[in-house]
Amino acid sequence: MTDTIIQNAIENYLDARAEILEVGHKYPERFGGNDNIIGRIGEFIALRFLENLGQNPEKILCSSNPGYDLVDDDIQTQVKVITSENKKGRNVRLKKPWNQFLLIELGNNYQPERIGLLTETQHQIAIDENPAWSLTPIVKLTMLQPNGLIGRYGKVFHQESIGRVLT
């Protein structure tokens, strides 16, 4: 009985994954490119979020573009997602070229809990005021805290103000 439940869960997961890849292949300009499913979901959330802020981002269709995932004229947005599954709340280093950074925290229900937005100018101010801080910091959820990089120098949007960007 237990193995049947596990097998069903695995099959459902693989079916959903296949569907996501198929949708990404059909609509690459909105949901393709990234070889990481959570990354694709994050980039889609970022598209919708930035569009709601009045920007017009477009996905970079190359899956290995270094430094940014979305572009809107001269705005190059790097998107990082950290889910509640990530117990350490850490990701990879934030590397250039980017001039806008979006950090998305997905909670237990896989909806955005917080979205942090930081510009290159704000990052430079942070570095100027805190010389010990890295130019290429490790992306962490602590960045979204009031004393964190984004909390202090950028803007953090909480679930109440984000709404359901996936609806």
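Select lysine 96. At 38% relative accessibility, lysine 96 counts as partly exposed (buried is under 20% relative accessible area, exposed over 50%, partly exposed in between, with a 1.4 Å probe and protein chains only). Lysine 96 and glutamate 120 form a salt bridge, with their closest N and O atoms 2.8 Å apart (a side-chain nitrogen of Lys or Arg within 4 Å of a carboxyl oxygen of Asp or Glu). The pair links distant parts of the chain, 24 residues apart: lysine 96 sits in the loop between strand 4 (90–93) and strand 5, glutamate 120 in helix 4. Helices (H or I, at least four residues) and strands (E, at least two) are DSSP runs, numbered from the N terminus.

A note before you move on: this is a predicted model, where local features need pLDDT of at least 70, side-chain atom pairs count only at pLDDT 80 or more, and totals for chains, interfaces and linings use all residues. Residues are numbered from 1 along each chain as its sequence is written, and side-chain values use heavy atoms, leaving out hydrogens and water.

Next, show helix 4, residues 120–129. His123, Ala126 and Ile127 are buried there. They cover an arc of only 100° around the axis, so they lie on the same side of helix 4 (the arc is that of the directions from the helix axis to the C-beta atoms). Strand 6 and helix 5 (149–153) are among what covers them. Turn to the face away from this buried side: Thr121 and Asp128 are exposed.

Now pick arginine 114 in strand 6. Is arginine 114 buried or exposed? Arginine 114 is buried, at 13%. Its salt-bridge partner is glutamate 105, with the closest N and O atoms 2.6 Å apart. Glutamate 105 is also buried, at 15%.

How many salt bridges does the structure hold? It holds four. For another, select arginine 30 and glutamate 51, whose closest N and O atoms are 2.6 Å apart. Arginine 30 is in helix 2 (residues 28–31) and glutamate 51 in helix 3, 21 residues apart.

Six strands form an open, mixed sheet in the order 1-2-3-5-6-8 (two strands pair if DSSP finds at least two bridges between them). Strand 1 (58–59) and strand 8 (155–158) stand at the edges with a single partner strand each, so one side of each has no neighbour in the sheet.

Terms used:
Contact = heavy atoms within 4.5 Å.
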